[in-house]
Amino acid sequence: MITIQGKGVSTGVEVGPLYFYRRQKTEIKTYTVEDVEAEWLRFKGAQAIAIQQLEKLAEKTRAEVGEEEALLFETHQMMAEDLDYEESIEFIIKEEKMNAEEAVSRTSVIFAEMFASMDDSYMKERAADVKDVSQRILSILCGVVQGGIDSDVPVVVAADDLAPSETIQLDKSKILGFITAYGSGSSHTAILARTMGIPAIVGLGDSLKEEYEGREVIVDGGNGAVYVDPDEDTSVHMMKKREEQIKQRKLLEELKGKTSETKDGHAVKVYCNIGSPEDVHAVQVNDGEGIGLFRSEFLYLNSSTYPTEEEQFEAYKKVLSDMNGQRAIIRTCDIGADKQIDYFELPKEENPAMGLRALRISLTRMDFFKTQLRALFRASAYGKLGIMFPMVTSVWEVRDAKRLCETVKKELEAEGIPYSENVQIGIMIETPAAAVMSDRLAKEVDFFSCGTNDLTQYTLACDRQNNDLGRFYNPHHPAVLRLLKMVCDNAHANGIWVGICGELAADLELTETFLAIGVDELSVSPRAVLPLRSQIRSLTMENKEKIVESLLNDFAPYI
Ligand code: PEP
Ligand code: MG
């Protein structure tokens, strides 16, 4: 047995074969061919496989997500068989005697440019589709395994690191756990793992070796250990631990339908963080009382081109109607930093965490922002919506964003499209500037939601992605907690409510502190709802003053 140690970032014990995630790398060679008929048939073979793959993807999407989403893959199928597209490839192979890869790759460029130059926005978007389809055919021609899980049985997925876009596209039914050489607990992939309720371990470094591929491993997301070829004793011990966790989970089940209030009746809302409309199911299963953060950027990450107003509207509408009147707070697109998307064509930055990201992008690309706001307000007619802006630092940013909301509402009104007048507008408090200015910002909005992942990063000047920073990245730091208290005081002085939606919200060691400083809502991954409710129900508010006092004056351990 080999034991390797990393950092557990999503709890749970699982056992299964280890599988290394493979990234798609297609190196295209260009050469001339003698036997053009054989080359043409080689293309036809790859095209047939691509169509089969797309058919399967459409079926799976229809079953798991919905008809609308499945249409994308049907469009891709049609493109792969398009006669003009085929003719161009045939010409390059048969007349110019070039190899199939060169023919597909050149045709892809010609067609993408043609679509991109069209006036019609629907046709413009087809440029990304033709590139996507061509890439699929090229991968098949080059014998490259698509990034994904090519296994019939569920596996523990290993990788050097996983981008959020890669994680979200994996077949969840095939994943027992994630283990990575790099990464950190507050990275978005770790957050996704927690949302999905899958054990995850990061920072295994060089000890995660490719030679372990296919071998049986046990992952313990609680203590960060991975056991390769576990011995009998370890297997027995870990299986017991797994059963224990399942039992614990069953106990928590009894808290479903109960209130999230302290023994002396102080109530706090326990909401959920989600990344896609499908996660609403997990919110309901875990008895979340609302959605405190829908990271809408995952819609963008999961797409090869900008999601249209219609696509976004359908996604938001689904979340709101599935929540049956419970509040759902949807955060506008928070792209940038570790969430990079090629089609945004963002300039390369030295310091992306401090660069053009989140609301800053929305405010510099008003068209794209307006599309999202139109979709959001249209969806507001179907439930109880809150809209929240990420990465605010100044009052003017909020005012500009709100002004655009007003424009959008006026437009919808003129078009006779219904929307709700009761949409709450809020901001994330993720920067020290926003926390310090929260007295002013509170006058602009209906609520605050503290993003402690970023607030910790910016307050302590510690990159949240950098696992080597270890104890320096400490969200319990009094500087962070004092800022949170300041934000709560300023929110309440101005009559608005305040929540926490960063990972810290689920930290049971701090629940009492959060209640003492007056946090009204805690938004956590769905699996953390019942443990948090259990913690809240075990507390009283007796020590409130003492806790606040020690937060302000007694932070000796940290000096
Ligand atoms: C945060 O920063 O705490 C937050 C909730 O936003 P994200 O993790 O998506 O950056
Ligand atoms: Mg953030």
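Colleague: Why does Ala461 count as exposed?

Modeller: Ala461 has a relative accessibility of 70%. Exposed means over 50% relative accessible area, buried under 20%, and partly exposed in between (1.4 Å probe, protein chains only). Therefore Ala461 is exposed.

Colleague: Good to know! What kind of model is this, and how are things numbered?

Modeller: The model is predicted, so local features need pLDDT of at least 70 and side-chain atom pairs pLDDT 80 or more, while totals for chains, interfaces and linings use all residues. Residues are numbered from 1 along each chain as written, chains are lettered from A and ligands numbered from 1 in written order, and side-chain values use heavy atoms, without hydrogens or water.

Colleague: Back to Ala461, then. What makes its phi worth a look?

Modeller: Phi of Ala461 is positive, about 55°, although Ala461 is not a glycine. Most residues other than glycine have a negative phi. Ala461 is found in the loop between α17 and α18 (478-493), just after α17. Helices are DSSP runs (H or I) of at least four residues and strands (E) of at least two, numbered from the N terminus.

Colleague: Where is Ala358, and is Ala358 buried or exposed?

Modeller: Ala358 is in the loop between β11 (327-331) and α12 (359-364), with a positive phi near 50°. Its relative accessibility is 1%, so Ala358 counts as buried. Gly336 belongs to the loop between β11 and α12 too. With a relative accessible area of 2%, Gly336 is also buried.

Colleague: Why is helix α17 described as mostly covered?

Modeller: In α17 (residues 452-460), eight of the nine residues are buried. Among them are Thr452, Asn453, Asp454 and Tyr458.

Colleague: What makes α17 stand out around ligand 1?

Modeller: Three residues of the shell come from α17, the largest share. Along with α17, α7 (188-196) and β10 (291-295) each supply at least two shell residues. The residues around ligand 1 number 16, and Arg295, Arg331, Gly451, Asn453 and Arg464 come nearest; a residue is near if one of its heavy atoms lies within 4 Å.

Colleague: How is that shell made up by class?

Modeller: The shell has seven charged, five polar and four nonpolar residues. Asp, Glu, Lys and Arg count as charged, Ala, Val, Leu, Ile, Met, Phe, Trp, Tyr, Cys and Pro as nonpolar, and the others, Gly among them, as polar.

Colleague: What is the space taken by ligand 1 called?

Modeller: That space is the largest cavity. A cavity is a set of points on a 1 Å grid where a 1.4 Å probe fits but cannot get out, and a molecule sits there if more than half of its atoms lie within 2 Å of the grid points.

Colleague: How do you know that the side chains of Asp171 and Ser173 make a polar contact?

Modeller: They are joined at 2.7 Å. The limit for a pair of N or O atoms is 3.5 Å; within protein, one atom must be able to donate a hydrogen and the other to accept it, and residues adjacent in sequence count only through side-chain atoms. Asp171 lies in the loop between α6 (164-169) and β5 (175-180). With 21% relative accessibility, Asp171 counts as partly exposed.

Colleague: Why are Val130 and Ala435 called buried?

Modeller: Val130 has a relative accessible area of 1%, so Val130 is buried. For Ala435 the value is 0%, and therefore Ala435 is buried as well. Val130 has its place in helix α5 (residues 121-142), and Ala435 in helix α15 (residues 432-436).

Conventions:
1 Å grid on protein atoms, 1.4 Å probe; cavity = no way out; pocket = protein on both sides within 12 Å on 5 of 7 lines; lining within 4 Å.
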